[in-house]
Amino acid sequence: MFHKIESVIPKDNLIIEVVFEDKRIVQYDIKNIIDKWKDFKNLEDKNLFKKVKVDVGGHGISWNENIDISAEEIWENGIKI
């Protein structure tokens, strides 16, 4: 099953809040992957971090052409609230 993202909200402390189409709300902490992928380090710039958007089709989120996260990653590793 593929999960689709409806909306994303950047929160404080490098956390994003994601609403899926089924209305499940998940918080995902970017700090968990910031050291694994060098491009994610750029998200420490608050101006860039706030530019997060849902990709066309809702299959992920992105900040630019180099920084994105799949809906499945967020669904599986985020915290349901």
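Leu14 lies in the loop between β1 and β2 of this predicted model. Its phi is positive, about 60°, although Leu14 is not a glycine. At 14% relative accessibility, Leu14 counts as buried, because the cut-off for burial is under 20%. Asn13 is placed in the loop between β1 and β2. Asn13 also is not a glycine, yet has a positive phi of about 65°. Asn13 is exposed, with a relative accessible area of 55%. The cut-off for exposure is over 50%.

Strands of a sheet pair through backbone hydrogen bonds, either parallel or antiparallel.

Five bridges join β1 to β2 (residues 15–20) in the antiparallel sense. Here Val8 has Val18 of β2 as its bridge partner. β2 and β3 are likewise antiparallel, paired over five bridges. Ile15 has its bridge partner, Asp29, in β3. β2 and β3 form a hairpin with four residues between them. In that turn, Lys23 has a positive phi of about 75°. β3 and β7 run antiparallel and are joined by two bridges. Val26 stands opposite Lys80 in β7.

In a regular strand the side chains alternate between the two faces of the sheet. The two faces of β3 can be told apart by cover. Val26 and Tyr28 make up the covered face of β3. Ile25, Gln27 and Asp29 make up the uncovered one.

The largest nonpolar core has 23 residues. Ile16, Ile30, Trp63 and Ile74 touch the most other members. The elements that give two or more residues to this core are β1, β2, β3 (25–29), α1 (46–49) and α2 (71–77). Residues up to four places away in sequence set aside, Ile74 touches Ile5, Ile16, Val18, Phe20, Val26, Tyr28, Ile61 and Ile69.

A pair of aromatic rings is described by the distance of the centres and the angle of the planes. The structure holds three aromatic pairs. In one of them, the rings of Phe40 and Trp63 have their centres 6.5 Å apart and their planes at 80°, so the pair is edge-to-face. Phe40 lies in the loop between β3 and α1, and Trp63 in the loop between β5 (60–62) and β6 (68–70). The pair therefore ties together parts that are 23 residues apart in sequence. Both Phe40 and Trp63 are buried.

Trp63 also pairs with Phe49. This pair is stacked, at 6.3 Å centre to centre and 20° between the planes. Phe49 sits in helix α1 and Trp63 in the loop between β5 and β6, 14 residues apart, and the pair links these distant parts of the chain. Phe49 and Trp63 are both buried. Phe40, Phe49 and Trp63 form one aromatic cluster.

A further ring takes part in a contact with a charge. The charged end of Arg24 sits over the ring of Trp75. The distance from that charged end to the ring centre is 4.0 Å.

Terms used: Residues are numbered from 1 along each chain as its sequence is written. This is a predicted model: local features need pLDDT of at least 70, side-chain atom pairs count only at pLDDT 80 or more; totals for chains, interfaces and linings use all residues. Side-chain values use heavy atoms; hydrogens and water are left out. Two strands pair if DSSP finds at least two bridges between them. A nonpolar core is a set of buried Ala, Val, Leu, Ile, Met, Phe, Trp, Tyr and Cys residues joined through side-chain atoms within 4.5 Å. Buried means under 20% relative accessible area, exposed over 50%, partly exposed in between (1.4 Å probe, protein chains only). Contact means heavy atoms within 4.5 Å. Rings of Phe, Tyr and Trp (its six-membered ring) pair if their centres lie within 6.5 Å; planes under 30 degrees apart count as stacked, over 60 as edge-to-face and the rest as tilted. A charge sits over a ring if NZ of Lys or CZ of Arg is within 6 Å of the ring centre and within 35 degrees of the ring normal.
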